[in-house]
Structure formats: structure tokens, C-alpha cells
Amino acid sequence: MALDGSLERLRREGHIVVVGASLAGLRAAETLREEGFTGTLTLIGDEPYEPYDRPPLSKQVLLGRVPVDHTALPRRLAIDARWRLGVAATGLDMAAKRVALADGTSVEYDRLLIATGVRSRPWPNELEAGLDGVFTLRTRDDAARLVHRLRAGPRRVLVIGAGFTGSEIASVCRERELPVTVAERGPAPLVGALGGVIGEVAAELQHEHGVDLRCGVMVTGLEGDGAGRLRRAHFSDGDALEAEVAVVALGATRNTEWLAGSGLAAGPRGIACDAGCRAFDIRGIVADDVFVAGDVARSPHPLFGYQFLSLEHWGNAVAQAEVAAHNMISPGERRRPHLWTPYFWSAQFGVNIKSVGVPNMADQVIVSQGSLGEHRFTAAYGYQGRVIAAVTFDQAKWLEFYQRQIEQAAPFPPPFTAVDRRPEGMRPVPAGFPDPSVPTHGPEVTVSGHSPTDQRVTFTPA
Amino acid sequence: MRVVVDLNRCQGYAQCAFLAPDVFAMHGEEALLYDARPDDTRRVDVLRAVAACPVRAIAVEGAGGKRAADRVGVPDGA
């Protein structure tokens, strides 16, 4: 098939700029070269490091088994790129096709890929966040600082938030025999991702491994000593806890601020794009030369009611980057949709947790193999009578089967007789996801007083 | 050398942990922890682990086992 002249020229001598030099940015760059792009390729990254892998940071790196600089990603091929590392992108001019950088320079592009990802949500009180001993965990530098502190043997670690990252950090602390308290605003760990039924199992794992798990509470304040070191944390139930280290694990914020005023539909929920990874502008029209991939993207998925999904998953970053790169240098009829079925994993308290599909869309869950009590099981999730997700605890081999079930919109509860279904798993039960309209974390704001002059706004944590 | 394991694919067969135990280790029944930058002297065993993985979850630098010649950290025009 003949390419039109301009696309041919783009493939041969165009300039493609990738903003974001992590997993998605690197895999996109490699795919561009694999598919015959011979023009100029520029990778821009705000961190000073070449692309590295983040999942090990909260596992083998924090455990001290692998040094933090052993996480650089392997290259599938030489990408012959110009690297601008340690320089954040600060602005986008879509009309001039130009990206502004923090050092005052700018880079022009013919096609742009935005893969700026997310950053960890900081502790909302800046003074408290600045106390010595308060950490977040997202980057190599975060991991290096935290592992150094854990090695020193703090008397107690407080983990704020029991999502996957917080739970993995608590698991590492227990393996290092450090006393650890986990504070979670929801009713159980992992409840937002896996629901209340499986969240109960996650809570049992934490209890059995000696975690002081406190659910249904918020940390309302972090208190320092005279030297600015963290000393104590205060909880919404009135309790206080002595801790030398606090790790804030309250999820992530999308890196889209640099796109303010650009005309792209970018905001706190990410950058909306079509299934072909083309970014939407604020009018709802897709741009032809701006593409999005990875954690920062939000794209519609046919299997899940065409909902725009933001997937902060390793596998999504790889798959979406490959589709975006292909589409950037392909004519319309050869472009592909990003139809990846969501997958993720977590290792904590000696258990391998894996998921396929979108569990938190489910209304019901059924234990189809194994047993919750043994912490070894497969749970299938249903939404309006079809299988929509599955989660395994130490039963990863079943997931591929459920991937097919999801892709074929198989009926829920599954009609087959599972090999070892136990009495507790015979019937589907409500999956127990919190109401999505009620935030599971973040500050609470209340307004009191009646007349405009008396009105007071109270922000908790203060 | 550099290694990355696609842990979405990994199903805990533990063949890698058997062939290169200082690089790949099981953590519990099914979870895998690994060193993503093993020493070059471990290359032969790591490549054996790559070949032995039943779900082909392990990738090493350069598709054919070649080192990428790419330079990193070079700004525009350098």
C-alpha cells in the first residue's frame, strides 16, 4: 500500500518527540524504530535517570535485595535518540508544534507522544510533609531515601493508605521485622481495587503478619519535634502514635499541569484520548499529531461499556505505547485500537496477587476455585450478568482462562462446575466496593456558619 | 546485563529460579523477585532461564542478546 507523501516523509526524516522517559516512553521509542521510523527521535524526561522499572522499588529494592540502580530497563534495540533527561516539559504550543522545557529551551515536533505518567500524591499539609521521616514512594530517589531509613531500624513505621503500594511497603517492613502501623480510611486494605470481600482477606494477611492495621481512620496530623523530625501521628479517632517514619501512600496525581492552556483535554483525571491513542482537545476533537500513552492516558474500552479507563498498570503502559507508536507513523486504515485487557500484579505478605479485567466495575463476586480462608483462591467478578474481572491469590495460572471469559462476555456466575469450589464459594455475593461518589481518601472540607461573615471552612487533615 | 520480567505473564513456574537462583528467587509460593541488572558473568545462566520460561516472560537487553549501543544522557546536538 502506498503511503501518501507527507507520511512517507515523516517516517523518513520527521521529528518525533516523546515527553516522558519511563516505561511507556521507552517502549514507544523502540516500537517507532522497529516499525521503520528513521527520522529524529527526542526523549524528554524530568528525572535524571535513563528509563527504569518502578514495580521493584516497593518490593526487592525496599527489601534491600537489589540496589536501586539495578532497575534500568533493558533495551529491545538501540533507539538512536536524543535524550533530554533531568529537564521537565513545561508547556505545549499545539499550533507551533513546540514543547517548552524547564531550562528555557524548546523542541519542535512533527508528532508528539505524551507519556508523562503520574506522581505520588503528597501529604496535603506542606509543613508536615517536609518533616524529616515523612516519605512517598514513586521514584528511584524516593526508594533510595526510604530504604536508607528503613535500614537504620526505625522504632515504628506508619504507612498512610492501604492500597497496593502502602500494603507492599507494610509487607516489606514486617519482613525487615520493623513494627508497622497501617492507617486506612476505607473498611479494609485494597478495598477500592478489589472490593470488600477480597479486602477482608488482605486485612487477615496484614494481621497474621503482625501489622497494626487500623481501618476506618484518617491520619489528621503529623507532629515533629524541635529539630523537625517526625515524632508522632494523630488519628481521626483521637488516638496518637509514636512513629519515626511515615510513608504517605495515598495514590497518584497525573502529570498534566504542564499542559494547562495548551488546548488539550488534560486535567487531574489524565489526558483523554481515543482508542487509537490520539489526544482529545478541549473541543472533543482528536488531534492528528498528538498521542498519549501510559498512566497519564484515559481511553475508552469497548469491553467495559466504552468507559474512559485510566489504568496505572505496567502492562497498559507497554501495550498502549506500542499502539500509539504504531499509529503515529501509520496511515488511517492501518491504525490499531488499544484493546488491552487490564492486568496487574502485587506481591505482599508472601502472596502473589494478580488481577485481570476491571474488578471495581463489578457488582458481585464468586470464589470459583480455592478458599478465601487459605488465602489461595480465584475470585470471578460479575457485572450485570457477565464476567468482568478475576483476581487470584497464588493461583495465577487461572487468569488466562478468565481473560478469555471476559473477552467473550461470558455469563456470570460462571456456569461451569469448578474443579475445587468450596461451600463458601457456591454463591455470588456483593463484591463490596465503596460508593465511587464518596472519596476513599483525601481531605474532608466542611463549611460552618450561616451568614457570609461567620462562614468558616474546616479542612481535615488541618 | 539488563533483565525485565513481565510479571503479568509470569505464572510462577520457577524455572528461572532453578537455573539462576542468585538472579531470580521465588518469594512465597508464586511471587518472583529478581535482580534486573545481574553481573555479565551470569549471562549464560540468565539466557538459559529466558529460554526455559514456559510463558516467555523474561526479556533481556537486545532481542538477539546483543547489547544496545545506545548512548544515554546525551542532550540535543551533543
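In the predicted model, helix H9 of chain A spans residues 399-407. Four of its residues are buried: Leu399(A), Tyr402(A), Gln405(A) and Ile406(A). Viewed down the axis of H9(A), the buried residues fall within an arc of 110 degrees, so they line one face of the helix. Strands E25, E27 and E28 of chain A are among the elements that cover them. After H9(A) comes Ala409(A), which has a positive phi, near 50 degrees.

The covering strands E25, E27 and E28 belong to an open sheet of 6 strands in chain A. The strand order is E24-E25-E28-E27-E26-E29, and the pairing is antiparallel. Strands E24 (343-348) and E29 (429-430) of chain A form the edges, each pairing on one side only. E29(A) runs antiparallel to strand E26 (residues 364-371) of chain A, and 2 bridges join the two. In one of these pairings, Gln364(A) has Pro430(A) of E29(A) as its bridge partner.

Helix H7 (residues 196-208) of chain A lies across E25 (351-357), E26, E27 (376-383), E28 (386-393) and E29 of chain A. H7(A) runs at about 5 degrees to E28(A).

At the level of domains, chain A is assigned domain 1 (5-119 + 253-334), domain 2 (126-250) and domain 3 (350-430). The C-alpha centres of domain 1 and domain 2 of chain A are 32 Å apart. Their contact takes 13 residues from domain 1 of chain A and 15 residues from domain 2 of chain A. On the domain 1 side of chain A, the residues touching domain 2 comprise 7 nonpolar, 3 polar and 3 charged.

Methods. Residues are numbered from 1 along each chain as its sequence is written. Chains are lettered from A and ligands numbered from 1 in the order in which they are written. This is a predicted model: local features need pLDDT of at least 70, side-chain atom pairs count only at pLDDT 80 or more; totals for chains, interfaces and linings use all residues. Domain bounds come from an automatic or database domain assignment. Two residues are in contact if their C-beta atoms, placed from the backbone, lie within 7 Å. Ala, Val, Leu, Ile, Met, Phe, Trp, Tyr, Cys and Pro count as nonpolar, Asp, Glu, Lys and Arg as charged, and the others, Gly among them, as polar. Two strands pair if DSSP finds at least two bridges between them. Axes are lines fitted to C-alpha atoms, for helices over the stretch in contact, and angles run from 0 to 180 degrees between N-to-C directions. A residue is buried if 20 or more other C-beta atoms lie within 10 Å of its own, exposed if 12 or fewer, and partly exposed in between; C-beta atoms are placed from the backbone. The arc is that of the directions from the helix axis to the C-beta atoms.
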